[in-house]
Structure formats: structure tokens, C-alpha cells
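Please look at the structure first.

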Amino acid sequence: MNTPPKPSLKERQFALRESAILDAVDALLSGKGFDLMTMDEVAQAVGISKASLYKHFDSKELLAAATMSRLLDRTLNKVAECTDKQRAIDKLKMLVAWSVREHLEGRMPTLPSTRSSIHEFMMRHRPYVEKLEQLTEILGGWIIAAQEAGHINPRLPGEVVLYTIYARPCDPVTDFLKMGGAFTDEEIIDAIVTTCFNGLQPG
């Protein structure tokens, strides 16, 4: 069995810089979204020249696609931590809590709106679409199981539940509660999870 060659120092440095670029884009997309983000801002946030940035990503669209694909990788890794012993509703609540926490910590780029100029590009970007389809299939199974167990209203179409879950980390309520300063991050996460799955009715 042949051992793959170790990456060179130059390759490791390139990968580290690319990771730093995507970290910066996570924060910028979380804070202002794709349309308002500029390549100049990304380069400045990383501390590199715009020419160096273009060596990694030759367009803003590819940069956003890489960031969103990495987000889906992180999400799929989180999903993979779940076990068959966990109830479907608990898995869904865990994922919403995790995604809201990622948003509060500046690691959750805003998902592409159907009105955004990036949406059409993302829907043609196969790595992103394939990972999104994989995640959607898993969550769809959890939603069906939770409905069959009586934990989610079975009259709600699965798509309604799915998109409600996908939208939670982008919910401006999270930012308003954070800016108000009256609640801790964990209290905000608990509030978002509770209203997502239980609504505003008393438990």
C-alpha cells in the first residue's frame, strides 16, 4: 500500500491561506450577505493583496460557492455525529441549535436568497448542489420520522418544515436579541429552538 506524499510547505501554506480566506468570507456573508460583500473587503480582512486572493478564487461567485460548500461539509459532519438511538425530533433540534450557535459566532454565512444574484450561480455549482441534496435527503427522513412520532404537525408539508429549519440561522430575530444584550447566547439559542418547534403557545 503506497503512502500518499505529504504536502509540501508551499502547499500547506496555500491551504492555510485558503482556510483563512473562507473564514473571512463566513464572517462577511454572515454580517452583510453576498451582494454587499466585495473582494477588496475579503482581501483586507485576510491581510493579503487582491492579486493573491485571485490566485485562490477568480470570482466572488466562486468564493461564495466554496464558502457555502464548506458550510455544508460542516453541517454534514455534525449530522453524522447523530446516532440511531436519538429521536428524530432531537436530531432536528440539535441541528437548529448548532446552526444558530454558528451564526452567533460569525461562522454561518447567509444562505443565498432566491432574489440574490448568487442564487442562480449556486444552483449550477455541482459540489454545492450535491451536498445540499445529500443534507436535504437526511433531514427529510428525520422530518417524516418526527411527524410519524407526533412530534411535528403531520399536516404540514415536509418542504415547509425543511425550509423553516434551513431559515433559522438566518433569522434576524437572533441578531436583534444579540444586539439588545439582555440574553446570553445560550438563552437566544434556546428561544429560537423553542419557537421553531413549539411556536408561541405555552408548553
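Q: Which residues of the largest nonpolar core touch the most other members?

A: A nonpolar core is a set of buried Ala, Val, Leu, Ile, Met, Phe, Trp, Tyr and Cys residues joined through side-chain atoms within 4.5 Å, where buried means under 20% relative accessible area (1.4 Å probe, protein chains only). In this core of 52 residues, they are I21, V42, L63, L92, L139 and F197. The model is predicted: local features need pLDDT of at least 70, side-chain atom pairs count only at pLDDT 80 or more, and totals for chains, interfaces and linings use all residues. Residues are numbered from 1 along each chain as its sequence is written, and side-chain values use heavy atoms, with hydrogens and water left out.

Q: Which residues is F197 in contact with, leaving aside its neighbours within four places in sequence?

A: Contact means heavy atoms within 4.5 Å. F197 is in contact with I89, L92, K93, V96, I152 and I165.

Q: At what angle do helices α4 and α7 pack?

A: Helices are DSSP runs (H or I, at least four residues), numbered from the N terminus. Axes are lines fitted to C-alpha atoms over the stretch in contact, and angles run from 0 to 180 degrees between N-to-C directions. Helix α4 (residues 60-80) and helix α7 (residues 126-148) pack at about 30°, with axes 9 Å apart. Angles under 35 degrees count as roughly parallel, and α4 and α7 are therefore roughly parallel to each other.

Q: Is A65 buried or exposed?

A: A65, found in helix α4, is buried, with a relative accessible area of 0%.

Conventions. Helix = DSSP H or I, 4+ residues; strand = E, 2+ residues; numbered from the N terminus. Parallel < 35°, antiparallel > 145°, perpendicular 65-115°, else oblique. Buried < 20%, exposed > 50% of the residue type's maximum accessible area, 1.4 Å probe, protein only.
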